[in-house]
Amino acid sequence: IEHKLFSKANRYTECCRYAHLYQCKGEEKHDLFSPIYCDLRFCPRCAPRQFARLIEKYEPVLKAVSAHRKAGFRIREITLTTRNTGSLTPEQIKKFNLDVKKTLKSLMDGVHGWGAIWCDEVGFNNTNLHAHILLYGPFVSQSQLAEVWNEISGHEVVYITEARKSG
């Protein structure tokens with residue numbers, strides 16, 4: 001493990017193995033344990049926590065967009081995926097994010113009022129780098145998305161659907 005990644009690797013391996021102990025100071029003494037999480041996006045325990053934080057952070061924006069929809073625009077869920085090569089470097093992730101940005105800009109060329117947010121994710125037991133994207137814009141077909149993604153990135157796997165409302 002490269003030196004700069006050692007800290008993350010250590011946090012990941014130690015995730016939830018230790019806890020903070022809190023003791024109530026009232027008449028009845030209660031011991032409360034709070035696990036120490038690594039809070040890394042690729043950790044099976046912490047990924048759902050990170051997702052919940054992202055939803056909380058962006059929910060006001062999504063509600064505002066939904067309340068003031070532009071004619072013909074919808075919120076779409078898109079997943080863009082790379083090949084699982086067995087290794088993943090910071091340079092590959094930077095290139096991937098540039099490819100995501102270029103793909104979205106290419107698809108929305110000439111369209112005004114569109115926007116997108118995304119989060120990168122890596123498979124839990126592999127190096128399958130992919131982006132989960134919320135795109136606010138006009139209709140984009142799966143075939144058009146796949147063609148542009150392949151042209152820009154060289155990768156083929158894409159998914160798109162209209163976003164579902166959650167409770």
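Leaving aside residues up to four places away in sequence, Asp120 touches Arg41, Ile93, Phe96, Asn97, Leu129, His130 and Ala131, where contact means heavy atoms within 4.5 Å. The model is predicted, with local features requiring pLDDT of at least 70 and side-chain atom pairs counted only at pLDDT 80 or more, while totals for chains, interfaces and linings use all residues. Residues are numbered from 1 along each chain as its sequence is written, and side-chain values use heavy atoms, without hydrogens and water.

**Asp120**

Asp120 belongs to strand S4, residues 115–122. Helices (H or I, at least four residues) and strands (E, at least two) are DSSP runs numbered from the N terminus. With a relative accessible area of 9%, Asp120 is buried; buried means under 20%, exposed over 50% and partly exposed in between, with a 1.4 Å probe and protein chains only. The side chain of Asp120 makes polar contacts, as tabulated below. A polar contact is a pair of N or O atoms within 3.5 Å; within protein, one must be able to donate a hydrogen and the other to accept it, and residues adjacent in sequence count only if both atoms are side-chain atoms.

| Side chain | Partner side chain | Polar contact |
|---|---|---|
| Asp120 | Asn97 | 2.8 Å |
| Asp120 | Trp118 | 3.5 Å |

**Gln142**

Gln142 is found in helix H4, residues 142–153. Gln142 is partly exposed, at a relative accessible area of 38%. Beyond residues up to four places away in sequence, Gln142 touches Val158, Tyr159 and Ile160. Val158 is 16 residues from Gln142 along the chain, and their C-alpha atoms are separated by 7.3 Å.

**Helix H2**

Helix H2 covers residues 47–67, which is 21 residues, and its first and last C-alpha atoms are 29 Å apart, close to the expected 30 Å. That expected span is 1.5 Å times one less than the number of residues. H2 has a kink of about 50 degrees at Tyr58, shortly before the proline Pro60; the bend is the angle between axes fitted to the seven residues ending at a residue and the seven starting there.

**The whole chain**

The chain has four helices and six strands, in the order α-β-β-α-β-α-β-β-α-β along the sequence. Its C-alpha atoms fill a box of roughly 65 × 40 × 20 Å along the principal axes. The radius of gyration is 20 Å, whereas a compact globule of 167 residues would have a value near 15 Å; this radius is taken over C-alpha atoms, and the globule rule is 2.2 Å times the number of residues to the power 0.38. Buried residues make up 25% of the 167 residues. Of the contacts between residues at least 6 apart in sequence, 58% join residues at least 24 apart.
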